[in-house]
Structure formats: structure tokens, C-alpha cells
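Please read the following briefing alongside the sequence and the coordinates. It moves from strand pairing to individual residues and then to whole-chain values.

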Amino acid sequence: MSQSGATVNQECVTAYNDLKLNKKYKYVIFKLSDDNKEIVVESTSEDGPEYDDFREKLLNAQSKTKTGALSKGPRYAVYDVQYDLASGEGTRNKITFIAWSPDDAGILAKMVYASSKEALKRALPGLAAEVQANDSDDIEWSSLVKTVSKGTAAV
Amino acid sequence: MSIELEKILAAAPATTRGQPTQLSCDSKGQRIAYASGKSIFLRNIDDPSICKQYTGHTATTTVAKFSPSGFWVASGDVTGKVRVWDAVEAVNTKGEYAIISGRITDIAWDGDSQRVIAVGDGRERYGHCFTADSGNSVGEVSGHSKIVNAVAIRQQRPLRAATVSDDSTMCFLHGAPFKFNSKAAGLHKGFVMGAAFSPDGSTLVTVGADRRIQLYDGKTGEPTKQIGEGVHTGSIFAVSWAQDSKRFVTASADQTVRVWDAESGENLHTWRVGEEGSVNVDDQQVGVVWPHGRSDGLIISVSLSGDINYLREGSDKPFRVIQGHNKTVTALGVGSESVNSGGPPTITTGSFDGRVVSWDVSTGEGSVVEGQSHSNQVTHFTSSSGQTFSVGWDDTLRTIQDSTRQFLSTSPKLPSQPKGIATATSGGRPFIITALTDSLAIYSPTGDLLTNHPTTFPPSSIAAHGSLIAVGASNAPSIHLFTLSGSSPTNPTLTFSTTIESTSPTLSHISTLSFSPQGTHLAAGTASGKILVYQGTPGAGTWTLATDRWSAHTARVLDIAWNPAGTHAVSGGLDTHVHVWSLAKPGTRVRAANAHKDGVTGVAWVGMKEAGEERVVSAGGDAAVKVWKVSALQ
């Protein structure tokens, strides 16, 4: 698969390890820098711990187009999804990689994000699940849990 | 929140004029199986609202037969495929077998529930014999030159089978493996429609379009005698034996069902369906089954209209008639009393063929609304003070009197094709407003056209609350609001008030609209599957977006209905799912996936509330109406 030349900033890995090993964050949102050369951390669960905050951040994400105008933008995110099993056998945590690429985002932005995804994923070891989200409904909590748990979660 | 299927008010059997409709009953006499649409329905005889629906077929189904063991059902469709599946839950499919290249007309099981013969309209062959569990061949159907209409297998050994065909012959097969043995030609003078072996295996009977009832020896296939000559005055479509092997019952196009004594050839009992002295094509009897394992002597027949008739000796008329739709349901309406005052939960459904059925949701009983109905598909219903109004593709507005469940004779012709209908009030008077292709026509409740208000946009849907009318456009994601004013009963005026435009560039046009009962919220479903909820105050002209998170449908939203409190709504769409949404917590939504094959066309919230559980009904492309239990609303 063709790859863009974007590199992963070290702080991405640090933030991911804080989420994975230290449980410091519930989620981390990554973005491409404005020159599309580097993937950096945009925000973490420190300013808004709830899932709805996370959702709002993704929905309101913006990217610069070539002309410098702002439009809706794609993002990468890692969310520590926790859910109860429908069989009653306890709770599960899945560190989930979310590729958020809304249909109404800029074409260039969507393209660069798609071709830089592998670079970031390789830098983040131990991801349990991956979700491709293109519509606001794909990042509703119920849809996310359903995909991540492959239908085993309690509703 | 959770949503759970409570009951299925099943579709009526699919019928075709001039063709038999196959009915099957399980060996205990508890359930009947029949084909309708792309589904097979298994219905309890005593309480038809206890029903299972099998949706494994991808094409229109034609026949379903219980195995003698009662554990399996074999069903066929128009593409020549036979599926064998479990009769208990109607979910697990044991096998799918491609038998012939055309329509399957009949299926028969052998006494061991192992072998199946399926026959029909093929090109290379007219049927095949195979094992139910693996599809291995156990013989061949040969000897016919035209479509085979029915097959019967002797339930004892030696195994025998009979196939009857449009070529007016009966072929007798010896098994197993089943092979052609002899052919009885020259007896029937027309299409042979039905064949049945007596339960003890001693006699075979065939019936046909030449009104002949011919008996044969069950072991040799030798013709023995003809009975009842000249009694039936129409084609005989079906035959079924009583458990005692002495009597059998025939169903005919002369609207009668007759019981015969096989020994003496005497016509023991006759039921004639339909009005005395008049001929009605819809009352032709196209299928019959005599359930075994029952003590009450019940006989079940099917009319061409799809009505299931329960017959019993001692009465000359059916003592019970089960009615429903056998074409796609296109509209669903709720009686005004049942929504607001918690009255009897009745709903009205209209189907693609213009049939309108009124249902009592609590008992699950449906009855066809009498009188002159629409001659084409029913588009929409609305109700107002004891009357239900409907519009349809025959471009008429028709009125149903709720108390008598009858169409009134007045049916004004609409200026153009209707898109929807709603009831608005002005000066305390109700007015009926229909959205047409390029105008809004206002009618009085008595059916008089008062004004026809041209619009600047093509309407797609309409909803009303009080004097406020919302009309969706079919070319843009915009909703146009109008106010009805004027206190005269003959001269109301419609004033344009405002337009709600969506800013989202990806949104498609509005497909359905619904006001909450309080009038404070307006839900708009779009052709791309999103539902937008607007908030406003009736009277004031400002409407703001309340939520755009009701967006789990993946195809056109076809109907939305609010609960009486205006806090939750149910929606159905072309993606076959039913969703229940919450206004306070738009993220919590529940889904009934694949609720209706070929799309959900109508939903309603009915006034049956008990212990935190509410009821939602839906109707759709499978011609069935389903009642859902919604609990733990939040």
C-alpha cells in the first residue's frame, strides 16, 4: 500500500504508553500537523474525560485545506473501550484505534490521513481493535461497542 | 432501553387465480404453514397471533410442508430452490437444494421424514426426489410433459408416490429410489390440480380443473372409481384426507368446500363461502387442509382473497375467518382515540393491492374494512374524530367510519397523485389536507374540496399539529411550514410561515415528517437515512435543530411515530430495521434488525402501557404487522 511520508512524533508514543501502561488517559486524539509532515497529539482525556467529550472533539475536528481555509477534518484516535459481556462473565477493555474520516471532510485531508494511518498504527503496539468511522453514527457509543466487542457486549 | 418482538400478525397466504394454494398442518394439529411474499409463516391454529416467520428465502415463496415428525419444514420458492429448516424456531436451516429451474408448486415428505419430493415448473425436469438432510438423490420425477401441480407420497411401505400435472395425467412412482411405474391418462380431461394418499395408504385421490374426483388403489395405482360427478361446478384445486381415511375434503372455484365419503362417494357436507346467490371471484376456494390429531373436526380452507376459513360440521358458513394482507403493506395509521386517550389500540393498514385491514392490537385480530376500497396502493392514513381518511394511488380520498369499520360511499377524486395526508384544525374544526405532486388540497371532513393551494416546491410528505402544517420537499432537505386559519367551515386559508433549511451538504431530501403529540418537536426523516429533530413552539415561527444524532438508518426513512409523552420516537426504513430513539439521550437507541423483509413502511406507538413496557407496531414489505415490546425507556 502506498504510504505518505508522514512521520510519527515521539509524543504520540509517549501518550499512547501513558494510556496503555499507566492508564493515565481514557483516550488520545492524534492529528496530522498543518504541513502534513508529522503526526502529533492533538488532545487527551485530560480536558474532558467523558465519551461525549471525545465524540464532540471528533465531530468538531477541523483541517486546513490547500488554500488555508478550515473545513471538517479527519483524525486518528485511540480509545480504551470498556464494556460488560452479555454473558455476565465480567468486563473487557479493548484499546481501540479509530480512524475518523467524515464523509464531508476535505478530499485532500481524507487522502493524506488514509495514507498515513499505517505509520501511526505501527508505532502503537498492542492495539486490540480498529474501527473505521465515516459517519457520526459510527462513533455513537453503542455502535462503537458493538463493533469492538463483535456483538458480545451487554446492551 | 430494549426492544423485543411480542407477536407477529402474519400475512395472509399468497394466492394466484387458477392455481392451488398449498396449506400444511403439523401432525399434532396445532400449527399451519403457508407461503406469503418471501416468507413462510407458521401459525398456531387456535391463536393465530402466535406465529413464527421464516425469512431464509430470497425469492417469492410458493409452498411449505411440515415433515410428519413435526421437526422440519420444507419450503420452495419461484426460483426452484427448496429449503429444509427447523419447525420450532424457524431459524436454523438444514439445507438449501436447487431442484428445478422454475417455480416449485408442491412438496411432499415420506413417512420417515427423510425423503422429499419437490415438483414444479422446470425446463429439464419437473421435479426431483432427494433426502431432506443432505439433498442426495433418491429417485426421479419423470413421465410428464407439462408443469407438475402436486405430489403425494404414501406414508407406509411399500413406498409409492403420485405426481399430477397440467398434461391431465397422473404418474405413479415406486420407491425407494422413486422410479416411474405407470401412468393414468385419459381419466382427467383437464389440468390435474391435487393429489393425496389416504393416511392408511389404501387409496389415492386426484382432483382437477375438469371437476373430476378420481380414486385409485394406493398400492398399485390402478384407477378404481370416479365419485361426485357433476357436484362441484368449478375447478377443484385441492384435496385433503381426514385422519380416519374414510373421508376427504375438496376445495373448488365454485366457492364451496365439500366433504366426501370415499367408500360410497356421497357428498357428506358442503360449505359455501361468500354471499348467498352471488358469485364472487375472491371467494373461490383455492386450498384446503384437514388437520390431523384434533378432536374438533376442524377443516381449514383458503379463499382466493387470502382469507383463512375455519370450517366445522354443523354450520354451513366458516365459524372463523382469519384476514390479513398478502401484498406489501404500504401505509399504517392509528385511530385517534387509541393514541391520545388510551382507548382500544386499533390500527389500520393498507397494502399494495388497495386492501385495508383494521387490527385490534391487543387480541391480534384483523378484519378487512368493508366497502369500496382503493383500487391501487394505499399511500397514507390520517384520523379525526371517529373517522379515518386514506389516500391512494387511485387518486381518491376515502373515508372509513371507525365505529362500523366501513368505507363511506363518498370518494372524491384528487387533482393529482397524493404524497401524504394530515388532519389540521382551524377554529376548532378539523380539515383534511393532502400533499399532491405540486399543491396542497384542503378537504372538509365530509369530503368536499375547499381549496387547492399551489406550492413552489414538489411536496414529499406532510404532517400537522393543530393549525400548523409541515410539508417536506422532495427536491431539497427543506421543510416548509404553513398555518391554517379562518373560522369558516368552508373557507380556510393557508398561509406560508417559514422554511426550515438544513445546512448539511450531504443531506438528501425529506421522506417523512412527524410532529410530537405536544407539537413541540418535529422529526424529519430523510432519504439517506438520517432523522433530524427540530424544536420549536407552535405559534412562534422559529424552529431550531434539537438533535441530528438519530442517524442509524442506512436507507430511506419511511415512517416516524412519537410516543404519547413526546420523549421518544420509533422509526422504520427501507433498510428493514426498526429503531427506537430517545430525545433526552440521543446516544441510547435500540434497534430491531431485519424487522420486515423488503423494508418497514409504517410504524406506530400504540396506547398499551403496562409496568414500564410500551408497545410499538410496525408493518412492512413482508405484508405482516409486528408488535414490539419497548421497555426501560431512558
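In this predicted model, Arg31(B) stands opposite Asn44(B) in E4(B), where helices (H or I, at least four residues) and strands (E, at least two) are DSSP runs numbered from the N terminus. The two strands concerned, E3 (residues 31–36) and E4 (residues 39–44) of chain B, run antiparallel and are joined by 6 bridges, and two strands are said to pair if DSSP finds at least two bridges between them. Residues are numbered from 1 along each chain as its sequence is written, while chains are lettered from A and ligands numbered from 1 in the order in which they are written. Because the model is predicted, local features need pLDDT of at least 70 and side-chain atom pairs count only at pLDDT 80 or more, whereas totals for chains, interfaces and linings use all residues, and side-chain values use heavy atoms, with hydrogens and water left out.

**Strand pairing in chain B**

- Strands E3 and E4 belong to an open sheet of 4 strands in chain B, with the order E2-E3-E4-E5 and antiparallel pairing; its edge strands, each pairing on one side only, are E2 (24–25) and E5 (51–54) of chain B.
- Further along chain B, strand E40 (residues 439–443) pairs with strand E41 (residues 449–454) in the antiparallel sense over 5 bridges, and Ala441(B) stands opposite Asn452(B) in E41(B).
- E40(B) and E41(B) form a hairpin with 5 residues between them, and in the turn Gly447(B) has a positive phi of about 95 degrees.

- Leaving aside residues up to four places away in sequence, Ala569(B) touches Trp550(B), Ile560(B), Ala561(B), Trp562(B), His579(B), Val580(B), Trp581(B) and Trp605(B), with contact meaning heavy atoms within 4.5 Å.
- For one of these residues, Trp581(B), which is 12 residues from Ala569(B) along the chain, the two C-alpha atoms are separated by 5.3 Å.

**Backbone exceptions**

- Most residues other than glycine have a negative phi, and most peptide bonds are trans.
- The peptide bond from Arg157(B) to Pro158(B) is cis, with omega near 0 degrees, and Pro158(B) is found in the loop between strand E14 (148–153) and strand E15 (160–165) of chain B.
- Another cis peptide bond joins Ala176(B) and Pro177(B), with omega of about -5 degrees, and Pro177(B) lies in the loop between strand E16 (170–174) and strand E17 (179–184) of chain B.
- Ala623(B), although not a glycine, has a positive phi of about 70 degrees; this residue sits in the loop between strand E55 (613–620) and strand E56 (625–631) of chain B, and it is buried, with a relative accessible area of 3%.
- Lys150(A), also not a glycine, has a positive phi of about 55 degrees; this residue lies in the segment after helix H4 (141–149) of chain A and counts as exposed, at 73% relative accessibility.

**Chain A as a whole**

- Chain A has 4 helices and 8 strands, which run from the N terminus on as β-α-β-β-α-β-β-β-β-α-β-α.
- For 155 residues a compact globule would have a radius of gyration near 15 Å, and the 15 Å of chain A agrees with this; the radius is taken over C-alpha atoms, and the globule rule is 2.2 Å times the number of residues to the power 0.38.
- Of the 155 residues of chain A, 47% count as buried, and residues 24 or more positions apart account for 62% of the contacts with a separation of 6 or more.

**Chain B as a whole**

- The secondary structure of chain B comes to 1 helix and 56 strands, and its C-alpha trace spans about 85 × 50 × 45 Å along the principal axes.
- With 634 residues, a compact globule would have a radius of gyration near 26 Å, and chain B, at 27 Å, agrees.
- Buried residues make up 60% of the 634 residues in chain B, and among contacts between residues at least 6 apart in sequence, 46% join residues at least 24 apart.

Key:
Buried means under 20% relative accessible area, exposed over 50%, partly exposed in between (1.4 Å probe, protein chains only).
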